[in-house]
Amino acid sequence: MKKVNYLEIEGRSRGFLALLGVLGVIVLAGLSGMYYMEHNGHYVTGMDNQIVWGMPHVFAVFLIVAASGALNVASIGTVFGKAMYKPLGRLSSLLAIALLAGGLMVLVLDLGRPDRLVIAMTYYNFKSIFAWNIILYNGFFAIVIVYLWMMMQASMNKYYRAAGFVAFFWRLILTTGTGSIFGFLVARQGYDAAIMAPMFIIMSFAFGLAIFLLVLMMGYRWTERPLGDEMIRKLKNLLGVFVGAVMYFVLVYHLTNLYATEHHGVEKFILAGDSEHTPIFWFLQILVGGVVPLVILYSKLGASRLWIGLASVLVILGGLAQMYVIIIGGQAYPLDIFPGMEIVNSSFADGNSYHAYTPSMAETLLGISGFAVALLIVTLGVRVLRFMPDSLADKDVDPHHKG
Amino acid sequence: MKYLQKMLVLLSVVLLASTTAFAEVPSPKIPKGNAEQCVEPTQEMRVNHMEYILHQRDETVYKGVRTKQHSFKECINCHTVKDDAGKAVNFKDERHFCNSCHTYAAVKIDCFECHASTPTAKKDGKAHAGINSLIKMTAAESNNNE
Amino acid sequence: MSKSEAASNGLSRRKFLGASVAAGASVAPGISLISVANAKPVDQAISDEKRWGMLIDTNKCAKGCSACVDACNTENGLNTGDEQNSRQEQKAQWIRKVDLRDKLTGHEVSLPLMCQHCENPPCVDVCPTGASFKREDGVVLVDKHICIGCRYCMMACPYKARSFIHEELTNQVENTPRGKGTVESCTLCVHRIDEDTNNQRDPACAEACNTEGHKAMIFGDLKDASSDVSKALKQHSSKAIREDLGLNPGIRYRGI
């Protein structure tokens, strides 16, 4: 095993510029979407007074959750002392920051008054889990940047394990916080579950690793740097474990809900209802985002990087579907304001049927652009600073490598 | 520091305003209120009007204090500017009292995204007898007394 | 205020203005002129000695009557043709009429539903900036000056009592400032109930219900044993909506 040598990427190729161009265009499209929304007001979106959080939240929460998971790879190297993962630490941290930035951008731009961001940063209600999240997010940036600095500056290396530990715990709290945003909404049948927070943690592992794997494989392929098979094999197996764990949690979540009578309504609505949420749940979240990736990762197909890449894409799609079902589905199911009563008539859509939501182009573009912002940060990051080892060939990074 | 900045901005506004007669420089035409006096001395209001209304804002919103003297509604009631047709102009119009000066000083305020920038027609006068009529009344009284 | 009162205060115009100048930001001289003797002065801050609340008698509430909703809309300038672009589910609705049928017995009731002014309001707990707050006298409000429009309170409210303003507005009424991108809900007409006793009026909905002759909404101070609402509450059994959540709303109902 030789000493790891980190290098900026060259970034002069046409491919590199094309990548920047494509990402830039997506970001611009997202920003025009947001301008359109903010200029006119939210009436141009699919959101209303029943579905108050729409597509932007689906993407934003996904990205924030994935950000925490992307840091997992670095943690495995630092906290769990797995030598092989250590060279990935920098890229993993960069990706974590980038994803969080992308997610937060979407979240902020979807506010009714994004111009009042200063207020969000200066007025805190410490009872609000949302306010805590603002602190957690800012802290995450700070801690991961320090962590990176410890990793990247030789003289600071001695502190890097400590920083890694702090980052590790911080991010667990962060995801718990994100999950609790929903867990605390007692009045909403779909969210009132203690399992929400741990489920979010395990989701973050899966989504973050899927994105990391994609970035890693593409990055090394496009820069023509060596990337060892053993490394990929380890990561894809880990992804398989996480995807399986997410499915397990989803199972437990629905089983416990089915156990409690007051949750039967919302369960039926998601699992066997006539809204879009039922097919999205079964087809996208469970099949496309869970079963298929598991089959790919654990069958012979899992030997091919192309298939691993596909599996990662499917995990991301499934993750977005899961967010959609949790966030939109949870709101679409009508509030039970009058238990035991049937609502005959209401001027404010209190009916007993679910609320429909049709996302507009603008809000969807805004959501997607969060991804583009994250990838843009990563692309520019690896261009100007030394995040990527010049070789991740097995012989260079695997202490157990023979031959 | 902030105070200094404020003073400078205001000083220049006031200076420019007072030199209108002599110079060609564009300057704000600040309409007078519809009474003889403002709720505080004019100079004080020029410099510190935001302190008064922002203070009043928190007093009203959090403590339910509904005094008229520094009430935002009353500023609007008394500082109405009418157009040629005799209709009160709203904040979008450059003649609006608050706008006249703010456009000039390039200070943006969002208050009128929510607050009415023209007086709302009243049904019962009693509940709304503002400081305006109050001052008029006091003035009338004191005239009688003298 | 009558002329003689002003005169008896013995202030000349010059003195009056001089006094307020000397007092700087203090408003005392101006106020003593306006307020009426033995009234709750408008310059006094609210306190927790009061808790505003309401008892709604669904037996008296007429199905198909929307006087309270209309009055609220007029009073606060809601849906006055200004929210042209917003879809029905996007428009403001501070108070709404709901008709219910008991699933077991088939018994039907009609009632108005608005912000329930909880003692432990979930909207206040979740608001990141503290814009959602509860006044000392129990009225739950949004301080729209620091609302960032995150809509978390709307997610948290068990009564779906809050609306988000989906477009730019003009022609707001002076008593109820409202603007794009912020959240709002029933204020119990604070601008009416904060006035001194001579000018104090019931919230627009309750007033309209009385005028209409139904008298289904009794508004008042829950902490004052001699208030109409306290007396009615003492006399009859009443319920809070979603009592199981333990929020202790200030709005209570009979007949549900």
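A: Lys127(A) counts as exposed, at 60% relative accessibility, where exposed means over 50% relative accessible area, buried means under 20% and partly exposed lies in between, judged with a 1.4 Å probe and protein chains only. This is a predicted model, in which local features need pLDDT of at least 70 and side-chain atom pairs count only at pLDDT 80 or more, while totals for chains, interfaces and linings use all residues. Residues are numbered from 1 along each chain as its sequence is written, chains are lettered from A and ligands numbered from 1 in the order in which they are written, and side-chain values use heavy atoms, with hydrogens and water left out.

The side chain of Lys127(A) meets that of Asp125(C) in a salt bridge, with N to O at 3.0 Å; the term stands for a side-chain nitrogen of Lys or Arg within 4 Å of a carboxyl oxygen of Asp or Glu. This pair crosses between chains, since Asp125(C) belongs to helix α5 (residues 122-126) of chain C, whereas Lys127(A) sits in the loop between α5 (117-122) and α6 of chain A. Helices here are DSSP runs of H or I with at least four residues, numbered from the N terminus. Asp125(C) is partly exposed, its relative accessible area being 28%. Over all chains, the count of salt bridges comes to 30.

Helix α6 of chain A covers residues 129-152, and Ser128(A) caps its N-terminal end, with a side-chain oxygen 3.1 Å from the backbone nitrogen of Phe130(A). That distance falls under the rule for a polar contact, which is a pair of N or O atoms within 3.5 Å; within protein, one must be able to donate a hydrogen and the other to accept it, and residues adjacent in sequence count only if both atoms are side-chain atoms.

The helix has 24 residues and reaches 34 Å from its first C-alpha to its last, which is close to the 34 Å expected at 1.5 Å a residue; the expected span is 1.5 Å times one less than the number of residues.

Within helix α6 of chain A we also find Asn133(A), and this residue counts as buried at 1% relative accessibility. The side chain of Asn133(A) reaches the backbone nitrogen of Thr178(A) at 3.4 Å.

Technical notes:
Helices (H or I, at least four residues) and strands (E, at least two) are DSSP runs, numbered from the N terminus.
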